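User: I would like to learn how to read the features of a model like this one. Please take them one at a time, with the general idea before the case.

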Amino acid sequence: MAQSICDVCRNITFAILSSRADDSYTTWKYSFRSQTFSNRDVPQADRTILSYPLYDSVASLMASSSNGCPLCTLITDTLLYSTFATRMYPSGKARQVPDVPVELLWYPNVGSRYRSSAGACHRFLAARLVTNTSIASDFQVPLFFTRYSSETLCSALSSKAVTSQFYTGSKENFTLAILWLKRCLSSHSRCTIITSPSPALPTRVLDAGKEGEPFELRLVDGKDRVGQYITLSHCWGKLKIITTTQSNLAQHQVNISFDSLSKTFQHAVIATRALSVRYLWIDSLCIIQDSLDDWKSEASKMGQYYSQSLVTISAVSAKGGEDGMFAMVDSRIVSPTPIDIAFPESEESGFVHSLYPVDDSRQIWGDTKAPLWDRGWVLQERTLPTRMLMFSRYQMSWQCQEEMGSENIPEGRVRESSEEETNIRFSLLGSLINAPTAQSMPYASLVSRKLQSEFYGDPSSRHRLYCAWYNTVEQYTYCKLTRPSDIFEAIDGIRLALQYGLDDEYVAGLWKRDIHRGLLWIIDEEHDPNSRLPLRHERSPSWSWAAVPGSCKFKAKNASPEDLDSSILQISVIPFGQGIALRARGVLRKAINVEGDPGLTEATLRQGSVGERLIDQETGHVIGNFIADSTESTAVTEVWCLCVGLNMQISRRVNPKRDETFYSLLPDCLRGRAKVKETEERKVLRKLLEKFEVYVLVLVCISDEEQIFMRIGAGQIRNHLKCYQNGKSQSLTII
């Protein structure tokens, strides 16, 4: 359907000075999100707002939208499905809005931290419902009026605006994608610092041919060959898709029919050719699926493949190969709308678009996350690539190390990476630069020395990498795996990326030099119903997070070495049967699990310890709590608590100005070795001890004779630290 700007929107003129100044700027601050925009530099005297009355009622606005006006459609959609009530919630319902007048606001003096490398000039607008209630601020939504310096971009956007229905796999969209890619390659130092114009190809790649040529696809051997290639990130789905096996490998090296590919694969081939890249890596086609040796070899290289590809294309919303990547969308909502607006100083031609459109590509958490982000293997496919071109059911979007863009915001905006993403990228950077094949990369030796001296040169840097790993594992355990046995392989690319910076030994999902903190994981029983399923001891030891079939979180992931004193427990990793075990020496205390014996609940209540589960067997005191690793673990009555470390953070919260000599005495006092006199310092120290907690692993004894134990949970002991203060260290094995 052809689009036509209505008469009201065609004649927008900001000439009416609004009487709302200071209070409306406060409203604006929240509508535009203070972390991206700031009005702090705007003096109150300059906080003027110019307005233009659009329609006298929301019903009139919606009527104009129904008649095809793209700007009225954008404003209507933004009001109904803004960040306050998104269509992506399970209910999928638009919110109810009062039938009141609608106005368009312009904030002429607003400063901004918004930066774009595409030469875009912005004016900050807002669509507002005119009400007389305090709820008015909830019905103000932000908009951009943007002028672009790129004629190519303006031409592509104008072409998209001709019709209301638009295909995300269109020529105009790939024009935009090429602009993003060229800008990244030419001006993003963090993206190009290790980019090789001729990287080594994967073991096998799909030859997609060239744009305009017939589809003559085949697998080619990448050994000892170089060239740019693209990787695909996708969901396999429940329906059978084409794969390479030992029986059809020879045929696939001669020809693969385009029609035999799934819809997602066909779209990936089209996208690869549109980006002027010849080679495409798809896991199901480039790995021999019925060869265990080939699968193991290639799975170990997947992190390398994704990190060194030119671009990773992601089929974000596709549940399977039959869904495809491309979709028909309403361009009035997604793409900037071309329009002329009369500002006081001049009439300007530009584009109006919303700031925060709905997009599956950005929803990586929660119940509404896209199908692709729910797949375990995809976490490394999202974390390791330098550049990603993502196709969702709403729009096409872009992400590299310095910029993120979309059809809605084609000029792009500065990407603010999370701390763990930044740390992983730095470690990956070091590992790639120091690889034998990287010596010819520009500035490789200089960057390597800089990374070694500034990023990996001190313990605090390694501590950040450990934190990055724990955050990554938490995200990973929320995802799903078709084959539970892939638990370690599916995240191995991130492990390899971090291993360079950590220079540490990896054992069953944990790091040897930080194993105390790594052991302190608990299941996330509140957010994941799968967390109470039976444990999977066949794929990992009981002390590894990988034994849990659901999600987990780390209790002490952000604790610095000074905040967690783990010197009380010595740990080593030993062979055990066909796997590994922990050989530990520390203070072990026998306890009763109240949840395993409901009759003991009354005893905890008498001591005023509501919700506490652990009773010291020797003293009968309620000493703490723990979270069981599975439902079957809650039924165990007799348990053992192994002290892992002392939480030093609590004392600093109690009295952060307390003399450090007190803290230095605490570890010895915990071990019962403190020989200080009964002085005022000793009394203060004893009071401090009452505020401390000890992190413990909760174990069950498998063999009393051989002192073999198995983990069933983790928790903390509070207040009754004398249980450990006078305890004797003993040796045990945890399987």
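This is a predicted model: local features need pLDDT of at least 70, side-chain atom pairs count only at pLDDT 80 or more; totals for chains, interfaces and linings use all residues.

User: In what sense do strand 17 and strand 18 pair?

Analyst: They are antiparallel, with two bridges between strand 17 (residues 403-406) and strand 18. E403 is the residue that stands opposite V414 of strand 18.

User: How many residues of helix 18 are buried?

Analyst: Burial is judged by relative accessible area, and under 20% counts as buried. Eight of the eleven residues of helix 18 (residues 492-502) are buried, so this helix is largely enclosed by the rest of the structure. Among them are D492, R495, L498 and L502. Just after helix 18, D503 has a positive phi of about 50 degrees.

User: Is T73 buried or exposed?

Analyst: T73 sits in helix 4 (residues 70-80). Its relative accessibility is 5%, so T73 counts as buried. Beyond its neighbours within four places in sequence, T73 is in contact with S65, D330, R332 and I333.

User: What does K369 touch?

Analyst: K369 belongs to the loop between strand 14 (347-354) and helix 14 (378-383). Residues up to four places away aside, K369 touches Q363, I364, D374, Y478 and C479. With D374 there is a polar contact of 3.4 Å between the side chains. K369 has a relative accessible area of 15%, so this lysine is buried. Its C-alpha lies 9.9 Å from that of D359, ten residues away along the chain.

User: Which strands pair with strand 14?

Analyst: Pairing is read from bridges. Strand 5 (residues 140-148) is joined to strand 14 by four bridges and runs antiparallel to it, with F145 opposite V352. Strand 13 (residues 337-342) also pairs with strand 14 in the antiparallel sense, over six bridges, and here A342 is opposite E347. A hairpin with four residues connects strand 13 to strand 14. Six of the eight residues of strand 14 are buried, so strand 14 is largely enclosed by the rest of the structure.

User: Which residue in the turn between strand 26 and strand 27 has a positive phi?

Analyst: G620 does, at about 80 degrees, in a hairpin with five residues between the two strands. Strand 26 (residues 614-616) and strand 27 are antiparallel and share two bridges, and L614 stands opposite G624. Strand 27 is also joined by five bridges to strand 30 (residues 708-718), again antiparallel, where N625 faces Q716 as its opposite residue. Six of the seven residues of strand 27 (residues 622-628) are buried, so it is largely enclosed by the rest of the structure.

User: How many salt bridges are there?

Analyst: Side chains of opposite charge can pair when their charged atoms come close. The count here is 26 salt bridges. One of them joins K557 and E474 at 2.8 Å, N to O. K557 is in the loop between strand 22 (552-554) and strand 23 (564-565), while E474 is in helix 17 (residues 459-477), 83 residues apart. Both K557 and E474 are buried.

User: Is D524 buried or exposed?

Analyst: D524 counts as buried, at 3% relative accessibility. Its salt bridge is with K553, the closest N and O atoms being 3.9 Å apart. D524 lies in the loop between strand 21 (521-523) and strand 22, and K553 in strand 22, so the pair ties together parts that are 29 residues apart in sequence. K553 counts as partly exposed, at 32% relative accessibility.

How values were computed. Residues are numbered from 1 along each chain as its sequence is written. Side-chain values use heavy atoms; hydrogens and water are left out. Two strands pair if DSSP finds at least two bridges between them. Buried means under 20% relative accessible area, exposed over 50%, partly exposed in between (1.4 Å probe, protein chains only). Contact means heavy atoms within 4.5 Å. A polar contact is a pair of N or O atoms within 3.5 Å; within protein, one must be able to donate a hydrogen and the other to accept it, and residues adjacent in sequence count only if both atoms are side-chain atoms. A salt bridge is a side-chain nitrogen of Lys or Arg within 4 Å of a carboxyl oxygen of Asp or Glu.
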